[in-house]
Amino acid sequence: MKPETTTRKIVIEQDKRFSQSSLWRIQRDYFDREGINAWVNSVPFYITSNPFIAKTYARIVLAFLHDWINLHPEARQAPFYIMEIGTGSGRFSYYFVKTLNEMLKASDIRDVRVIHVMSDFTRSNMRYWETHHAIAPLVEQGLIDFALYDLDAERPITLIKSGTHLDAATLTNPLTVFGNYIFDTCLNDMFAIRDGKLFELYVSLAAEESNMKGNWPAEMEKVDVSYQAHKVGDTLYNDPQIDPILTEYRSNLKETIFMFPTGAFKALRFLNKIANNRLLMLSTDKGYCALPSQEGAGQPPIYFHGSFFSAMVNFHAIGRFLENGGGDSFLQTPRRGIKTAAFSAGFRLRDLPQTLLELNDRVEGFSPADYFALHRRMSDSFGECTLDIIASHLELSGWDPHIFLKIAGRVTKLAPEADRDTVSFLCDNMEKIAANFYDMPKTQCVLFEIAVFFHTLKKYDQAVRYYEMAEPFITEKFGLHYNLALCLHYQKRNEAALTQFRQAVALDETSKEAAEWVTFLEQNPEGTRAPSDAEPTEKNR
Ligand SMILES: C[S@@+](CC[C@H](N)C(=O)[O-])C[C@H]1O[C@@H](n2cnc3c(N)ncnc32)[C@H](O)[C@@H]1O
């Protein structure tokens, strides 16, 4: 039997208002320290960083631009700014900016200038975007700028590239804000309702000494979190936009615990002020859109993962906060999964007919949450899907590289035997998958997989083009040189093929196939091998 060890409990903090808890500091430290690695290691992000959700947002923004310009024709003379807060990896930004600009170019408001500001509180993310192959050209074209912006601090916002101050003087048009998967990372308070009475929940934290790294716990999941209820009145904040929300919750809920997004209130008030009280916001997150959905929660809706936590965002309260200030909200009716919501300050969404149409169709209708639910089910059954079903799903996804990477093996297996129409549908759209390529650490290069697809179909011109495009993104290059060499050989470019085979051999001297090819081409500079030898290698896939 192991001897029982008793480790001392260290009290980290006691009876603190939730928004003042050091939990938030641990959370901030995590994103600051990890930068782009947060997404590589543990923070899920596909759900808010795919071409489908980007297209949803682009459609809504395009409709909003039309509505606004119809109501205020002079608005088209000045730029519209979109500020993405807590941007993270930048993959969503890329898909959004690309899609919106394609749509704008094809519209009757193609002269309108839209500047997308990617912002985050940490410089480490910004450093990543600055040199990113997909972002840098859009910065060059003036479509994207960057800003350091911390939701928990009211500091002036200066755009890094143009030097423009985003303030009441420059924002002559409404400011559009995107906040995806962010409002649980900025300050919240917490309340409970018991027997119709309102309590504020304060928090205490303790950890075993062995889990402490300096002053902070190493593993959040092992921290003891306890809550202390303090009876409070519903004029706690002495704020006409905020206190009525507490009254509404106390009057309508019987027994529950809920998050109260005071950080979001503060940030929106600040952003609305610099935007001259004209704000549109789109947000997607795990959260609550309706009051009744928040009834009966026995536990605080926060979840600890390794070194950070996530929480349910109270979209309903954010909506009420803006409505109490004369704004509006469009909250998706409850369904499982993430929620998308639209908010406005200074104008009503229901006065914007095209915007409302898109919101009804793409938020209340088939939404990013519905797409994700369907996608998850499809992902489990790709192995049973025929090629035409896979192609339809790729089309629905907006030709998403993330999906193509999951199924590239099956696509290349099925394609040579599939019907001509499906194959040409796929071939015609490979360019769209390539255009959606957004490189991130430790993700495979989709350009290589597209090359293998064309290679398998013996379409060597396209295969060569994509192998060459993939080259800068691939670290293990044996497969690249070997496959490229094969395609060059079947294009009757033996000299170039020999160079590539030699590079493959230099990388892997044990490869018998590569060595045989070198010998063959050295001995037969004009020779051609049988088409059956053209199979791409599986190595490095
Ligand atoms: C969960 S990630 C979401 C990233 C991205 N929006 C997405 O949907 O994948 C939260 C992001 O917010 C940033 N962040 C955390 N606290 C912040 C704050 N107080 N102000 C601004 N950004 C913050 C983090 O650096 C991180 O990039």
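Which helices and strands each supply at least two residues of the lining of the largest cavity?

1. The model is a predicted one. In answer to the question above, the elements are helix 1 (23-34), strand 2 (80-85), helix 4 (91-105) and strand 17 (308-311), and each of them supplies at least two residues of that lining.

2. A search of the whole structure turns up 1 cavity of 30 Å³ or more. The volume of the largest cavity is about 470 Å³, and the ligand takes up this space. Its lining consists of 33 residues. Nearest the centre of the cavity are Phe31, Gly86, Tyr181, Ile182 and Thr185. Sorted by class, the lining of the largest cavity comprises 14 nonpolar, 12 polar and 7 charged residues.

3. The ligand is surrounded by 22 residues, with Thr48, Gly86, Asp120, Leu151 and Asn180 the closest. Of the shell residues, 9 are nonpolar, 9 polar and 4 charged. Gly86 is named among the closest residues to the ligand and also among those nearest the centre of the largest cavity.

4. The side chain of threonine 48 has an N or O atom 2.6 Å from an oxygen atom of the ligand. For aspartate 120, a polar side-chain atom lies 2.6 Å from an oxygen atom of the ligand. In the case of aspartate 152, an N or O atom of the side chain is 3.4 Å from a nitrogen atom of the ligand. The ligand on its own exposes 590 Å², of which the protein buries 98%.

5. Tyrosine 181 deserves a look at the backbone. This residue has a positive phi, near 55°, and is not a glycine. Tyrosine 181 sits in the loop between strand 7 (175-180) and strand 8 (189-194), and Tyr181 is one of the residues nearest the centre of the largest cavity.

6. Asparagine 276 also has a positive phi, of about 55°, although it is not a glycine. The loop that holds asparagine 276 runs between helix 8 (262-274) and strand 14 (279-285).

7. Two or more lining residues come from each of strand 16 (302-305), strand 17, helix 11 (368-380) and helix 13 (401-414). Helix 11 has the largest share, with 7 residues. The lining of the largest pocket is made up of 11 nonpolar, 7 polar and 7 charged residues. Strand 17 contributes to this pocket and to the lining of the largest cavity.

8. The second largest pocket holds about 460 Å³ of space. Its lining has 21 residues, and those closest to the centre are Pro51, Lys55, Thr99, Glu395 and Gly398. Helix 3 (51-71), helix 4, helix 10 (353-365) and helix 12 (387-397) give two or more residues to this lining. The most, 6 residues, come from helix 3. By class, the lining of the second largest pocket has 8 nonpolar, 5 polar and 8 charged residues. Helix 4 supplies residues to this pocket and to the lining of the largest cavity.

Notes. Residues numbered from 1 in each chain as written. Predicted model: local features only at pLDDT ≥ 70, side-chain atom pairs only at ≥ 80, totals over all residues. Heavy atoms only, no water. Near = heavy atom within 4 Å. Polar contact = N/O pair within 3.5 Å; in protein donor to acceptor, adjacent residues only side chain to side chain. Areas by Shrake-Rupley, 256 points an atom, 1.4 Å probe, with all protein chains shown as cover. 1 Å grid on protein atoms, 1.4 Å probe; cavity = no way out; pocket = protein on both sides within 12 Å on 5 of 7 lines; lining within 4 Å. Sits in = over half its atoms within 2 Å of the grid points. Nonpolar A, V, L, I, M, F, W, Y, C, P; charged D, E, K, R; others polar. Points joined across faces, edges and corners; volume = space filled by probe spheres on them. Helix = DSSP H or I, 4+ residues; strand = E, 2+ residues; numbered from the N terminus.
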